[in-house]
Amino acid sequence: MVDAELLKILVCPEDKTPVRVADEATLEILNMKIREGEASTRSGHKVTEEVTEGLVRKDGKYLYPVRDNIPVMLIDEAIQIRTSAE
């Protein structure tokens, strides 16, 4: 779990908006997309490993994965979870 104090200062590196911890429903939908081969990072790489924790950008479009309790706050590693049409 991401430390609460760290979460207070973390922002999306792209648009500088706050991030929040992804809820179970978001993770479930994302992991279903991963299993179906439909999830990719901003850099275009297919996501093959399910996500157990992540931080969601304020607009809900991208998730930054948390690996070994460390948020991966790199634009290219962000996973699209919602399109602008959704």
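Predicted model: local features only at pLDDT ≥ 70, side-chain atom pairs only at ≥ 80, totals over all residues.
Let's start inside. The largest nonpolar core is made of eleven residues: Ala22, Leu27, Leu30, Ile34, Ala39, Val47, Val51, Val56, Leu63, Ile79 and Ile81. Helix α2 is the top contributor here, giving three residues to this core. There is also a second, separate core, this one of ten residues, with Val19, Tyr64, Met73 and Ala78 among them. As background, nonpolar side chains in soluble globular proteins tend to be buried together.

Once you set aside the neighbours within four places in sequence, Leu27 is in contact with Ala22, Val51, Thr52, Glu53, Gly54 and Leu63. Of these, Ala22, Val51 and Leu63 are also on the list of core residues.

Val47 is another core member, and it's worth a stop. You'll find Val47 in the loop between α2 and β2, the strand that covers 54–57. Is Val47 buried or exposed? Its relative accessibility is 11%, so it counts as buried, the cut-off being under 20%. Val47 and Ile34 sit 13 residues apart in sequence, yet their C-alpha atoms are 6.1 Å apart in space. Ile34 also turns up among the contacts of Val47, along with Ala39, Ser40, Thr41 and Ile79, again not counting residues up to four places away in sequence.

Now go to helix α2, which spans residues 24–35, and find Thr26 there. Thr26 counts as buried because its relative accessibility is 18%, and the cut-off is under 20%. What does the Thr26 side chain pair up with? It makes a polar contact of 2.7 Å with the side chain of Asp23. Leaving out residues up to four places away in sequence, Thr26 touches Val56 and Ile81, and both of those belong to the largest nonpolar core.

Finally, a look at the backbone. Most residues other than glycine have a negative phi. Lys16 has a positive one, with phi near 65°. Lys16 lies in the loop between α1 (4–9) and β1 (19–21), and with a relative accessible area of 55% it is exposed, given that exposed means over 50%. Where is the other residue to check, Asn69? Asn69 is in the loop between β3 (62–67) and β4 (70–71), and its phi is likewise positive, near 65°.

Note on methods: Residues numbered from 1 in each chain as written. Heavy atoms only, no water. Helix = DSSP H or I, 4+ residues; strand = E, 2+ residues; numbered from the N terminus. Buried < 20%, exposed > 50% of the residue type's maximum accessible area, 1.4 Å probe, protein only. Polar contact = N/O pair within 3.5 Å; in protein donor to acceptor, adjacent residues only side chain to side chain. Contact = heavy atoms within 4.5 Å. Core = buried A, V, L, I, M, F, W, Y, C linked by side-chain atoms within 4.5 Å.
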